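Morning, everyone. I'd like to talk about aromatic rings today. Here is the model.

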Amino acid sequence: MALAPHLSRALRPRSVPPPSAAATALLTSASPLPLRHFLQLHAHLLRTGVLLLDHTAASAFLSLAAASLPSLRALAVLHHHLTPASVPSTFCCNSILHSLSESDAFSFLRRMRALGRRGNAFSLAILLRPSCTLAHARQLHANVVADGHLRDALLATSLMRSYATCGAGESARKVFDEMLIKDTVAWNVLITCYARNKRTKDTLKLFEEMRRSESEAEPDEVTCILLLQACTSLGALDFGEQIWEYAMEHGYGGELKVRNSLITMYTRCGCVEKAYEVFCGTPRKSVVTWSAMISGLAANGFGKEAISAFEEMSKSGVAPDAQTFTGVLSACSHSGLVDEGFRFFDMMRYEYQMMPNVRHYGCIVDLMGRSGLLDEAYTLVVEEMRVAPDATIWRTLLGACRIHGHVDLGEKVVSHLIELKAQQAGDYVLLLNTYATVGDWKKVAEVRKLMKENGIQTTPGCTTVELNGELHEFVADDDSHPRKAEIFSKLDEINRHLRIAGYVPNVSSELHDLDSEGKGCALTYHSEKLAIAFALLVMPQRRPIRLAKNLRVCVDCHNFTKVFSSVYNRLVIVRDRTRFHHIEGGQCSCNDYW
């Protein structure tokens, strides 16, 4: 019986000593620990047994592990210590999810759910990161529906953003349609999604749909900015002015970001005068405002005016940034102002101590190409640039080779594009144009054969015309338009008048090895010409004809449009892939270099 008290004490559960004061301070700290200190703490907690019996300390330790260790190593620690009895609170689990990488966070989410901790809407929202893959977004979408979280507008809009980032516009629209309450943020996310996925027409339609909606959501300042950007992309001037009218009526017309977007939209639609009116009416101009105006003047061929605006900006006390110099250097290159271009390039480097980026060098290469300094431009790119040349710089130089018929250098440039694995069908077309310019049809045939063998297909040329807020698209030989018979008849009439005035098709623009008559026929129904014929049918005489093209304007269409502008006394403004062409009275603002 004497052993009974000792036996009783031996069988009695031992109380676990509380963690030391130092360990407690580390566990309650919000900051991650250096790896060595974390491992020391881990060893101390294992030795004292605290992690097994103190749930609060165990939860704090798991959060600290996720914050302190590399994600994969943290996940191993979490899986080792997680048991049904030690699952942290939802708040703690959310903290852990936030610290882990995307794939590890999904693994932890599955583990915590298997142990009975479902989490909440915020748990799912944490995983909807910008880097979220489409498969993970769809998995989370299923969780959102299963857990009944579609009422959570923040979670639903986060899911829409993830789908938008992954290019899954239809899935984003599905989430939007499933939402019970669609606020303005949700509409703006959907607009962003469509714009990001090049569904610009659908973006514009959302504005009308939003205004017709039975919900109380109203387009706000952000909506106006997003829609103006969509109009900029499409060259949809009429629709853009409707957005501006709405912004003015609802008190957003004075917002600087809205006005900056409007200036850009006007200049990208070729309305430099209207852009300048908005610019002058903006009381507190930021560097973005000045840069938008300078870049707009440059793109439209108003080089001297862009330089004057830059000088006025300097006088006003607003310091230029990298984008401002891109604009003014572009103005010099587009207008052939060689000395001024090098002056601004030196000003940027020495007076403002800015390191030129690849866009600035691209402007200088373009400037040198215009001046016929092709070999010097090549030397600049391969020997003197302080940044690695990108595909755009090589394409700029390739375009100059086309203009000047520099075949040998053109072949070198294409080899550099191939090294970058950045060659596109358009690059081969530029090389084809270079061979065609010098009449080397054998080389043209060889390049065409190469393109066919490698499955390289050219992007079809597409030209759009806006009429009363509606966009009309044309491709070469297009017979899909409802008024096709009238359009083809009008184009035949235009061709007859232009030939009388001296227009002769530039057969070098047709890259198939046909005879002159065959080439002329092939050029007759290019998309720009069909768009011009349609515009002549439907637009009043006083209104400029505005065209937007997805590719660089070909030489023949450029010549056609110049003669057309003279014969029909019309101003034609063409926005192609690289710049604007203001064509009037037989002359173009690009001075026949583009």
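There are 15 aromatic pairs, counting rings of Phe, Tyr and Trp (its six-membered ring) with centres within 6.5 Å; planes under 30 degrees apart are stacked, over 60 edge-to-face, the rest tilted. Take Phe-207 and Tyr-246. Their ring centres are 5.6 Å apart and their planes sit at 85 degrees, so this pair is edge-to-face. Phe-207 is in helix H14, residues 200–212, and Tyr-246 is in helix H16, residues 237–249, so the contact ties together parts 39 residues apart in sequence. Helices here are DSSP runs of H or I, at least four residues, numbered from the N terminus. Both Phe-207 and Tyr-246 are buried, meaning under 20% relative accessible area with a 1.4 Å probe, protein chains only.

This is a predicted model: local features need pLDDT of at least 70, side-chain atom pairs need 80 or more, and totals for chains, interfaces and linings use all residues. Numbering runs from 1 along each chain as its sequence is written, and side-chain values use heavy atoms, without hydrogens or water.

Next, Phe-310 and Phe-325. This pair is tilted, 5.4 Å centre to centre, with 55 degrees between planes. Phe-310 is in helix H20 (303–316) and Phe-325 in helix H21 (322–335), so parts 15 residues apart in sequence are tied together. Relative accessible area is 2% for Phe-310 and 0% for Phe-325.

Last, charges over rings (NZ of Lys or CZ of Arg within 6 Å of the ring centre and within 35 degrees of the ring normal). Lys-182 lies over the face of Phe-176, 5.5 Å from the ring centre. Lys-285 has its charged end over the ring of Phe-279, 5.1 Å from the centre.

Note on methods: Helix = DSSP H or I, 4+ residues; strand = E, 2+ residues; numbered from the N terminus. Buried < 20%, exposed > 50% of the residue type's maximum accessible area, 1.4 Å probe, protein only.
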